[in-house]
Amino acid sequence: MEVFLIRVLQFMLAISILVLLHEGGHFFFSKLFGVRVEKFYLFFDPSIWKWNGSLFKFKPKNSDTTYGVGWLPLGGYCKIAGMIDESFDKEQMAQPMQPWEFRSKPAWQRLLIMIGGVLVNFLLALFIYSMVLFYWGDTYIPSKNATLGMKFNKEAKALGFQDHDILLTADGDSIKSVEWGSALSDALRSLANAEEVKVLRNGKEVTIKTPGNLDLLDMISETPAFAMPFMPSRVDSVIPGSNPDKAGIRKGDKVLAVNGVAVDSWNEITEQIGIVEDVYHSNIGQREAPLPTVKVVVQHEGAEATDTLAFQLIQMEKERLGMNLFFQNPFRDYKERHINYNFFTSFPAGIAHGAHTLASYVGDLKYVFTSKGFKSLGGFGAIGSLFPAAWDWHRFWEMTAFLSIILAFMNILPIPALDGGHVLFLIYEMVTRRKPSEDFLIKAEYVGFGLLILLMVIANLNDILRWLGYM
């Protein structure tokens, strides 16, 4: 429960910052051009019976704007006078046009008002990335320092990769790191798009020709995955009193086989446990049966003989089974590289990092239109799970910057009800010198708003299905 609350708090804080500053961008340009902002809200405030939906609100003296906090934490809004938006205020639009309304301003001013939020989010992301580099620097393990190399699946081996290959370059670009998380995702993305990959094999550089159009989702979702860091099968620790501990497994033991299948890495051990899981859950009635037992062949540290031991697996999160064993993490022994940035050098580095993040995100959007990509859509639960289980300011600000880029890009998409939809109609007006009718804009807003609600429902439904173990 504590982990859940920590993630919720981080998620809510990040979203609150991003929404306030996004709407602040619209607010700034509206005030700059003399347009009234009637309401400026964090979260939405739909009315419930006689209650106006506001948890808090106030209106400064001599101000046209009411500031407040709504009860529905799905974003926020800036209600601009004389603008067709999610408020669907038809009554105001039916009144004669006023000089302080959005609709009375020149198209170029309305365009700046509409892109104000997106502009703030893009600049905010670049600023946060820069300040993260300035304060913490950049610490990572270069791919060439991961001396155990990678563990490849059969599809990768068919292309010419071999276990323990150390990734060097993809189409001439260096593969920075293969650490778990975004660095590994970047490495796999590079392999997916490359036509030539260079690896270090037994001390010699080897060139491997690759298709250049591998499916990244397949590479990640396959079991085993296309390429993962090689994790040795040596036991690092055993939970005292656990089933493996009672069976006689000790720190330093090397696991040689699982259920009769030879293994030389933790990667293969997890694959074999996955097979046991699949068999165990293949019949729904077996969920009531005793948890399965695995037999492992181990070689105790310092001994030549082997031992065959058996112990029962345990139920982990949801459908997952576990061993209560921890294996050696080679990354703790690899040599790190740390780069410090001063205040001025942090900005070009932060901008480059932000641009790379945006390009990667946009490039991956093509997978949304596949069945696997559609199922991978996530809602608030999926986003919240990206935050660390313990409060970590470094990770928090990196995630906030990432979400800021996503918010900016998604908002600029040419979909009615989003900023990009308004921008599309404004560009049409500026090019043709014909303004779309208010009736058309209202209908478009309804359609766009409906699509967004549908997408939100699907994304959050995916979260629920994953939580229940059906995806």
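This is a predicted model: local features need pLDDT of at least 70, side-chain atom pairs count only at pLDDT 80 or more; totals for chains, interfaces and linings use all residues.
In which helix is the place of Ser-360?

1. Ser-360 sits in helix α9, which covers residues 346-364. Its relative accessibility is 10%, and because buried means under 20%, Ser-360 counts as buried.

2. Now for the neighbours of Ser-360. Leaving aside residues up to four places away in sequence, Ser-360 touches Asp-186 and Arg-189. Arg-189 lies 171 residues from Ser-360 along the chain, yet their C-alpha atoms are separated by 8.3 Å.

3. On to the largest nonpolar core, which has 28 residues; Phe-161, Leu-167, Val-178, Leu-191 and Phe-226 touch the most other members. Two or more residues come from each of β6 (150-152), β7 (166-170), α5 (182-193), β9 (196-201) and α6 (216-221). The biggest contribution is that of α5, with five residues.

4. Leu-167 deserves a look on your screen. Not counting residues up to four places away in sequence, its contacts include Met-150, Phe-152, Phe-161, Ile-175, Val-178, Leu-191, Val-197 and Val-199. Ser-143, Lys-144 and Lys-198 are also among the residues that Leu-167 touches.

5. Finally, there is a second, separate core of 20 residues, with Ile-273, Val-276, Leu-313 and Leu-325 among them.

How values were computed: Residues are numbered from 1 along each chain as its sequence is written. Side-chain values use heavy atoms; hydrogens and water are left out. A nonpolar core is a set of buried Ala, Val, Leu, Ile, Met, Phe, Trp, Tyr and Cys residues joined through side-chain atoms within 4.5 Å. Buried means under 20% relative accessible area, exposed over 50%, partly exposed in between (1.4 Å probe, protein chains only). Helices (H or I, at least four residues) and strands (E, at least two) are DSSP runs, numbered from the N terminus. Contact means heavy atoms within 4.5 Å.
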